[in-house]
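Let's take a friendly walk through a protein model together. Have the sequence and the 3D view open, and try to find each spot as it comes up.

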Amino acid sequence: MLTQLYPASGDSCALEGLYLDLNLHQQAKAGDVFIYANYISSLDGRIALYNADLGDYEVPTAIANGRDWRLYQELAGQADVMLTSARYFRQLAEGKAQDLLPVGSGEKYADIKTWREKQALKAQPDVMVLSNSLDIPLAALAKVQERKVIVLTASKDGQKIKQLEQVGVQVLQAEQVTGAFVRQSLLDLNYRSAYLIAGPQVHATMLKDDCVDALFLTTHFTLLGGSKISGLVDVDLPRAQVLTLISSYLDTAQNQMFQRFEYVNSV
Ligand SMILES: NC(=O)c1ccc[n+]([C@@H]2O[C@H](COP(=O)([O-])OP(=O)(O)OC[C@H]3O[C@@H](n4cnc5c(N)ncnc54)[C@H](OP(=O)(O)O)[C@@H]3O)[C@@H](O)[C@H]2O)c1
C-alpha cells in the first residue's frame, strides 16, 4: 500500500491503478497534445550511471524496481505515442536496454492492455524517435514493426533517410529538432497524449520550448554518488523551470516516493 502525503490525507491506497486512473489521454485541450515525462531518480539526482562493463549508461540497478515499473507501464498505457531517443534503439540492438516499449507484456500488466482496449486506444502506442545521426539499427526497429514509427531529424543524409523509409518509418526533417518542432509534429499527426521516456537530452530539448506539461518522478531513497552520471537535465536551460507539486505518495515497500508535478510554463 501507498501513503498519500500530498494533498495531505494520510490515506492508504493501492499501487495498481494509481496512475492509470488519471486518464492522461484525455487531458489535452481541444486541438492540443498532453506531453508527460517520467523518471526514476536516486536521492542525489541520478537517473543513469555509467557502467564500465557495458561501456554505456544505464538506469542504476540499485534503484530500478518492479513497483516503479508498474507505474511506468500505467503511464505508457495512456499514451498515443512514446517519445524516445535513437540511443535507446542503439542500446536495444546491443542488448543493453530492456525492451521498454511494449505496454502490458506479461500477465502482471494484462489489465493495462485491457484498459487500453476499453479506452479505444491502439493496442500499443506509436513511437517517435529523435535523432540527428540517424544511426538507428534496423534490427531494433523490427521489434516495434507493428507500430507506426516516426523519426524527427535535422539530418540531410538522403541514403539513411531512404533506408528508414523503406522499412516503413516516417521521417520528418527540420533545420533543428526543437521542442516546438516535436510538439508541432505531434499535433500534425493528431496525437493527444505523448509519453516522454528518453533521457536528459530529449527532456532538455522539450523543456527549452516549454513543451512538457507534466513530470512523474519516482525518487528512490538511495545515494548513488558517481562522477559519470546522468540527471533529469544535463545541459544549460534558458531559465529555471518551475514545477507545481500535484501529488506525492510514500511507498515504504520499496523505500521510494512517487510524485507528480506540472510545469508552470508549459505552452
Ligand atoms: N532513470 C530513468 O528514469 C531514465 C529514463 C530515461 C533514460 N534513462 C537513461 O538515461 C540514459 C540516456 O538516455 P537516452 O539515450 O534516451 O538519452 P537522451 O540524452 O535523451 O538521448 C540522446 C540521443 O537522442 C537524440 N537526441 C536528443 N535530443 C535531440 C535533438 N534535439 N535532436 C536530434 N536528436 C536528439 C540523439 O540521437 P543521435 O545520437 O542519434 O543524434 C542523442 O544521442 C540511458 O542510460 C537511459 O537508460 C533513465
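This is a predicted model: local features need pLDDT of at least 70, side-chain atom pairs count only at pLDDT 80 or more; totals for chains, interfaces and linings use all residues.

Pro7 sits in the loop between S1 and S2.

**Backbone spots to look at**

- Here is some background: most residues other than glycine have a negative phi, and most peptide bonds are trans.
- Asn23 is not a glycine, and yet its phi is positive, at about 55°.
- You can find Asn23 in the loop between S2 and S3, and Asn23 counts as partly exposed because its relative accessible area is 25%.
- Asp210 is not a glycine either, and its phi is positive at about 55°.
- Asp210 belongs to the loop between H7 and S11, and its relative accessible area of 13% makes it buried.
- Asn255 also takes a positive phi, near 60°, in the hairpin of S13 and S14, which has four residues between the strands.

**The sheet**

- How do the strands line up? Eleven of them form an open sheet with mixed pairing, in the order S2-S1-S13-S14-S11-S3-S10-S6-S7-S8-S9.
- S2 and strand S9 (170-173) are the edge strands, as each of them pairs on one side only.
- As a general point, strands of a sheet pair through backbone hydrogen bonds, either parallel or antiparallel.
- Strand S1 (residues 2-6) runs antiparallel to S2, and two bridges join them; Thr3 has Ser12 as its bridge partner in S2.
- Strand S13 (residues 243-251) pairs with S14 in the antiparallel sense over eight bridges, and Asp251 has Gln256 as its partner in S14.
- S14 is also joined to S11 by seven bridges, and these two strands run antiparallel; here Phe216 is partnered by Arg260 in S14.
- Strand S14 (residues 256-263) is largely enclosed by the rest of the structure, because seven of its eight residues are buried.

**Aromatic rings**

- How many aromatic pairs does a search of the whole structure find? It finds eight.
- One of them is Tyr19 with Phe216: the ring centres are 4.8 Å apart and the planes meet at 65°, so this pair is edge-to-face.
- This pair links distant parts of the chain, with Tyr19 in the loop between strand S2 (12-13) and strand S3 (34-42) and Phe216 in strand S11 (residues 214-220), 197 residues apart.
- Tyr19 counts as buried because its relative accessibility is 3%, and Phe216 counts as buried at 1%.
- Tyr72 and Tyr195 have ring centres 5.6 Å apart and planes at 55°, so their pair is tilted.
- Tyr72 is in helix H1 (residues 66-77) and Tyr195 is in strand S10 (residues 193-196), so the pair ties together parts that are 123 residues apart in sequence.
- Both Tyr72 and Tyr195 are buried.
- One aromatic cluster is formed by Tyr19, Phe34, Tyr36, Trp69, Tyr72, Tyr195 and Phe216.
- Elsewhere, look for Lys228, which lies over the face of Tyr50 at 3.9 Å from the ring centre.

- The largest pocket holds about 1,400 Å³ of space.
- It is lined by 47 residues, and those closest to its centre are Ser85, Ile197, Ala198, Gly199 and Pro200.
- Two or more lining residues come from each of S3, strand S5 (56-58), H1, strand S6 (81-85), helix H2 (86-93) and H7.
- Which element gives the most to the lining of the largest pocket? That is H7, with six residues.
- By residue type, the lining has 22 nonpolar, 18 polar and seven charged residues.
- Helix H7 (residues 200-208) is mostly covered, with seven of its nine residues buried; among them are Pro200, His203 and Leu207.

**A residue on the outside**

- Is Asp188 buried or exposed? Its relative accessibility is 54%, so Asp188 counts as exposed.
- Asp188 is part of helix H6 (residues 179-188).
- From Asp188 to Ala214 there are 26 residues in sequence and 21 Å in space, C-alpha to C-alpha.

Terms used: Residues are numbered from 1 along each chain as its sequence is written. Side-chain values use heavy atoms; hydrogens and water are left out. Buried means under 20% relative accessible area, exposed over 50%, partly exposed in between (1.4 Å probe, protein chains only). Rings of Phe, Tyr and Trp (its six-membered ring) pair if their centres lie within 6.5 Å; planes under 30 degrees apart count as stacked, over 60 as edge-to-face and the rest as tilted. A charge sits over a ring if NZ of Lys or CZ of Arg is within 6 Å of the ring centre and within 35 degrees of the ring normal. On a 1 Å grid over the protein atoms alone, a cavity is a set of points where a 1.4 Å probe fits but cannot get out, and a pocket is an open set with protein on both sides within 12 Å along at least five of seven lines; lining residues have an atom within 4 Å of a point. Grid points are joined across faces, edges and corners, and a volume is the space filled by probe spheres set on the points. Ala, Val, Leu, Ile, Met, Phe, Trp, Tyr, Cys and Pro count as nonpolar, Asp, Glu, Lys and Arg as charged, and the others, Gly among them, as polar. Two strands pair if DSSP finds at least two bridges between them.
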